Amino acid sequence: MKRRRDTTYTGIPRWVAAIAAVGALFVLLPLAAMLGRVNWPQFIPLITSESSLTALGLSLRTAAASTVLCVLFGVPLALVLARGDFPGKRLLRSFVLLPLVLPPVVGGIALLYAFGRQGLLGQGLEVAGLRIAFTTTAVILAQTFVALPFLVVSLEGALRSAGSRYEAVAATLGARPTTVLRRVTLPLVLPGLASGAVLSFARSLGEFGATLTFAGSLPGVTRTLPLEIYLQRETDADAAVALSLLLVVVAVVVVGLSYRGPAPAGSGGRSARVGTPGRVPA
Amino acid sequence: MRPGIRAAAALAAAGLMGCAAAAGLTGCTAPARDAGKTLTVFAAASLQAPFTALAEEFEAAHPGTTVTLSFAGSSDLATQISQGAPADVFASADTKNMAKVGEAGLVEGSPRDFATNVLTIAVPPENPASIATFADLAKPGVRTVICAEQVPCGAATKTLEKETGTTLMPVSEESSVTDVLGKVVSGEADAGLVYVTDAKAAGSKVQAIPFPESARAVNTYPITAVRNGKNKELAADFIEAVTGPDGQRIFRGAGFGTP
């Protein structure tokens with residue numbers, strides 16, 4: 001019943017639609033303006049130059065690695081935040097979400113003082129022969145730092161809206177916590193986890209400030225696509241625009257293909273039975 | 001944005017004419033001429049300290065005038081000016097970016113060179129890699145950070161590499177000289193190539209190691225009034241101050257050379 005009403009009711013006031021159109025234009029217009037500045041005859045040579053391909057390859061590799069780290073650390077964090085009950089939970093959530101609102105350059109400085117050569121952990125790592133600064137590892141750390149909250153927010157939202165009824169039932173039937181997690185909880189929130197992972201990947205792909213501050217900029221090692229764009233802009237505006245477009249296309253493809261956004265209430269097989277899992281706070 | 005700027009420019013122009021018209025009747029004296037006026041100066045990031053000092057002196061000498069300083073990389077500033085940013089004066093860290101503004105037809109008269117700058121080696125105070133010469137930077141195991149070739153300090157670095165037949169293997173090629181300095185100050189890098197003025201401004205946080213080869217790559221700083229600027233007379237006065245003895249004293253104090 002509810003679902004029918006939701007999908008057939010289209011009584012959006014015209015003025016709301018008008019403002020929405022302005023909002024959409026605000027995002028689309030700059031992108032269209034950039035499109036108008038692309039040097040099309042040179043576009044393919046520009047984006048297939050050696051430096052561009054090196055930067056793109058590095059960006060895709062590091063963003064994939066960061067996404068893996070985000071899932072590895074983000075899933076437990078989201079579970080603890082959604083299901084756990086302990087003092088200081090709100091504080092923990094605030095800190096985990098902090099990179100969402102921090103300027104990336106601040107994140108870079110903080111990482112520097114933690115993992116840098118003179119940093120809190122960096123000194124010990126240096127003694128152990130592990131060097132992080134100026135390596136690809138530094139890029140991955142910077143990206144994970146800024147992208148982790150996206151996964152945590154998405155997944156925590158999914159966990160909350162899924163509720164814990166099925167888990168409680170599974171537990172009363174004798175399932176151990178790990179079994180409940182593996183067989184009930186995770187399958188239930190898989191769409192939320194997937195969209196969180198995609199968002200993290202996209203955020204990692206766009207990371208700039210923390211990388212610049214913490215990792216440096218060397219072709220093939222630390223110079224990701226955003227850093228390459230920033231540098232090319234100094235001398236070759238055409239190359240910068242072409243690479244920007246490339247990054248936009250990659251981001252649109254990644255997000256468009258996998259991120260479906262909040263599922264409409266009651267849609268989809270399993271979701272229909274458990275309410276609205278996979279609901280992601282936008 | 002654009003129409004807004006144009007409207008502001010028109011208003012300012014109207015104000016000027018009002019003053020000129022009034023001058024015939026009431027006498028618009030020099031101090032009154034400058035009252036409430038704002039001079040917008042776009043200057044290369046490396047000029048921050050001396051230009052800030054100079055602007056204070058200029059404001060004191062021209063009561064009622066406010067000097068607004070905008071510091072950024074020269075190429076960023078050149079792009080902004082070409083796109084119609086409301087600058088009265090442009091001071092670039094190299095001749096290339098001045099030429100870019102010139103190509104856009106926005107240079108008033110011809111630019112004047114007012115300072116020079118050379119590179120120096122900056123190392124952390126304790127000099128962990130025991131750097132003493134330019135060639136030391138190319139030694140294996142030394143973590144050297146330089147500017148990327150696309151920015152002026154990187155172009156100068158490239159020139160030095162060619163001139164001396166040295167090939168540096170940097171751990172990072174930064175997009176601005178401040179980023180190079182930052183990596184040295186934080187101790188991440190063993191050495192960095194920065195301008196003498198940057199090393200001087202960093203004080204005791206870095207140790208500067210001058211090297212004779214640096215004289216083979218000298219950066220020249222030109223300054224110009226911007227054609228579409230609102231305050232032509234003030235802009236001319238400011239450029240006089242920069243190129244005059246007071247300005248030169250400040251620049252020498254900051255480590256700049258004389259062109």
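Colleague: At roughly what angle do the axes of helix 4 and helix 5 of chain A cross?
Modeller: Keep in mind that this is a predicted model. Helix 4 of chain A covers residues 50-83 and helix 5 of chain A covers residues 89-101, and their axes come within 10 Å. The crossing is left-handed, and the angle is roughly 145°.

Colleague: How many nonpolar residues are in the contact of helix 4 with helix 5 of chain A?
Modeller: Helix 4 of chain A brings A:L77, A:V80, A:L81 and A:A82, while helix 5 of chain A brings A:K89, A:L92, A:R93 and A:V96. Sorted by class, the contact has 2 charged residues and no polar ones, and the nonpolar count is 6.

Colleague: What about helix 9 and helix 10 of chain A: is that crossing left-handed or right-handed?
Modeller: Helix 9 of chain A is residues 165-172 and helix 10 of chain A is residues 177-188; the axes come within 10 Å and cross at roughly 145°. On the helix 9 side you'll find A:Y166, A:E167, A:A170 and A:A171, meeting A:V180, A:V184 and A:T185 of helix 10 of chain A. By class that contact is 5 nonpolar, 1 polar and 1 charged. As for the hand of the crossing between helix 9 and helix 10 of chain A, it's right-handed.

Colleague: Over to chain B: how many salt bridges are counted between domain 1 and domain 2?
Modeller: The domain assignment gives domain 1 of chain B as 2-115 + 221-253, and domain 2 of chain B as 119-216. Contact involves 6 residues of domain 1 and 5 residues of domain 2 of chain B. The two domains of chain B bury about 390 Å² between them, with 51% of it on carbon and sulfur atoms. The salt-bridge count between domain 1 and domain 2 of chain B is 0.

Colleague: Which residues of chain A lose the most area to chain B?
Modeller: Chain A puts 22 residues into the contact and chain B puts in 23. About 2000 Å² is buried between chain A and chain B, and carbon and sulfur atoms give 46% of that. On the chain A side, 34% of what is buried comes from three residues together: A:R117, A:F134 and A:E234.

Colleague: Which residue of chain A forms a salt bridge with B:R143?
Modeller: There are 4 salt bridges between chain A and chain B. In the one made by B:R143, the closest N and O atoms are 2.8 Å apart, and the partner is A:E126.

Colleague: How many residues apart in sequence are the parts that B:R112 and B:E240 tie together?
Modeller: Over all chains the count is 16 salt bridges. The side chains of B:R112 and B:E240 meet in a salt bridge, N to O at 3.1 Å. B:R112 sits in strand 4 (residues 107-117) of chain B and B:E240 in helix 9 (residues 232-243) of chain B, so the pair links parts whose separation in sequence is 128 residues.

Terms used: Residues are numbered from 1 along each chain as its sequence is written. Chains are lettered from A and ligands numbered from 1 in the order in which they are written. This is a predicted model: local features need pLDDT of at least 70, side-chain atom pairs count only at pLDDT 80 or more; totals for chains, interfaces and linings use all residues. Side-chain values use heavy atoms; hydrogens and water are left out. Axes are lines fitted to C-alpha atoms, for helices over the stretch in contact, and angles run from 0 to 180 degrees between N-to-C directions. Helices (H or I, at least four residues) and strands (E, at least two) are DSSP runs, numbered from the N terminus. A crossing is left-handed if the near helix is turned anticlockwise from the far one by less than a right angle, and right-handed if clockwise. Contact means heavy atoms within 4.5 Å. Ala, Val, Leu, Ile, Met, Phe, Trp, Tyr, Cys and Pro count as nonpolar, Asp, Glu, Lys and Arg as charged, and the others, Gly among them, as polar. Domain bounds come from an automatic or database domain assignment. Buried area is the accessible area (1.4 Å probe) that two parts lose on being put together, summed over both.
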